[in-house]
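Have a look at the model first, and then read on.

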Amino acid sequence: MQHVEIAEESDLTFDGNTIVIHNGKRGRLLSLMTICVSTADGEICFFNDCYAVEPFEDGPFFTHGDSGGAVYVFCNSNKTLKAIGMVFAQCNSMTAVCQLKPIVEAFNVTPLLDSALFEKIKYE
């Protein structure tokens with residue numbers, strides 16, 4: 001396992017050209033979105049500034065059981081893989097990815113990446 005950096009805003013564009021990777025699946029980063037969730041007891045919760053990811057044509061970016069999975073961006077400029085967030089929800093064809101940085105800071109944890117996964121992604 002190796003330490004993985006968290007992507008900064010400068011690593012991302014919201015024009016469909018930033019490619020993100022989750023569990024071997026690729027998607028396009030499109031925008032920020034707000035997710036509204038109704039809890040079992042009728043409370044309404046809003047999750048702001050989630051990343052909206054559109055799947056490539058070869059299949060869905062998010063499937064049942066993917067929630068909580070890590071999402072990465074491959075930075076071509078310096079050939080590094082950086083974490084951007086966790087799969088959170090599906091909204092029509094879009095996948096909502098919650099930002100990882102606030103989670104890492106709140107729980108004081110270090111994100112890790114399986115080195116074999118990085119090598120596989122780097123050469124795809």
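Let us begin with a charged pair: the side chains of Lys-101 and Glu-8 meet in a salt bridge, 3.6 Å from N to O. Lys-101 belongs to helix α1 (residues 101-107) and Glu-8 to the loop between β1 and β2, so the pair ties together parts that are 93 residues apart in sequence. A salt bridge here means a side-chain nitrogen of Lys or Arg within 4 Å of a carboxyl oxygen of Asp or Glu. Helices (H or I, at least four residues) and strands (E, at least two) are DSSP runs, numbered from the N terminus.

Some housekeeping before going further. This is a predicted model, in which local features need pLDDT of at least 70 and side-chain atom pairs count only at pLDDT 80 or more, while totals for chains, interfaces and linings use all residues. Residues are numbered from 1 along each chain as its sequence is written, and side-chain values use heavy atoms, with hydrogens and water left out.

**Salt bridges**

How many salt bridges does a search of the whole structure find? The search finds five. As a general point, side chains of opposite charge can pair when their charged atoms come close. Three of the pairs are set out here.

| Pair | N to O distance |
|---|---|
| Lys-101 and Glu-8 | 3.6 Å |
| Asp-66 and Lys-25 | 2.7 Å |
| Glu-54 and Arg-28 | 4.0 Å |

Asp-66 and Lys-25 form a salt bridge. Asp-66 sits in the loop between β4 and β5 (70-75) and Lys-25 in strand β3, so this pair ties together parts 41 residues apart in sequence. Glu-54 and Arg-28 also meet in a salt bridge. With Glu-54 in strand β4 and Arg-28 in strand β3, the pair ties together parts 26 residues apart in sequence.

Asp-66 counts as buried because its relative accessibility is 7%. Lys-101, at 36%, counts as partly exposed, and Glu-8 is partly exposed at 39%.

**The barrel**

Six strands close into a barrel in the order β2-β3-β4-β7-β6-β5, with antiparallel pairing. Two strands pair if DSSP finds at least two bridges between them. Strand β2 and strand β3 (residues 25-38) are antiparallel over four bridges, and Ile-21 stands opposite Arg-26 in β3. The β2-β3 hairpin has two residues between its strands, and Asn-23 in the turn has a positive phi of about 55°. Ten bridges join β3 to the antiparallel strand β4 (residues 44-55). Their hairpin has five residues between the strands, and Gly-42 in the turn has a positive phi of about 90°.

**Two histidines**

His-22 lies in strand β2 (residues 19-22) and, at 3% relative accessibility, counts as buried. Its side chain makes a polar contact of 3.5 Å with that of Asp-66. Such a contact is a pair of N or O atoms within 3.5 Å; within protein, one must be able to donate a hydrogen and the other to accept it, and residues adjacent in sequence count only if both atoms are side-chain atoms.

His-3 lies in strand β1 (residues 2-3) and counts as exposed at 51% relative accessibility. The side chain of His-3 reaches the backbone oxygen of Pro-111 at 3.4 Å.

Conventions: Buried < 20%, exposed > 50% of the residue type's maximum accessible area, 1.4 Å probe, protein only.
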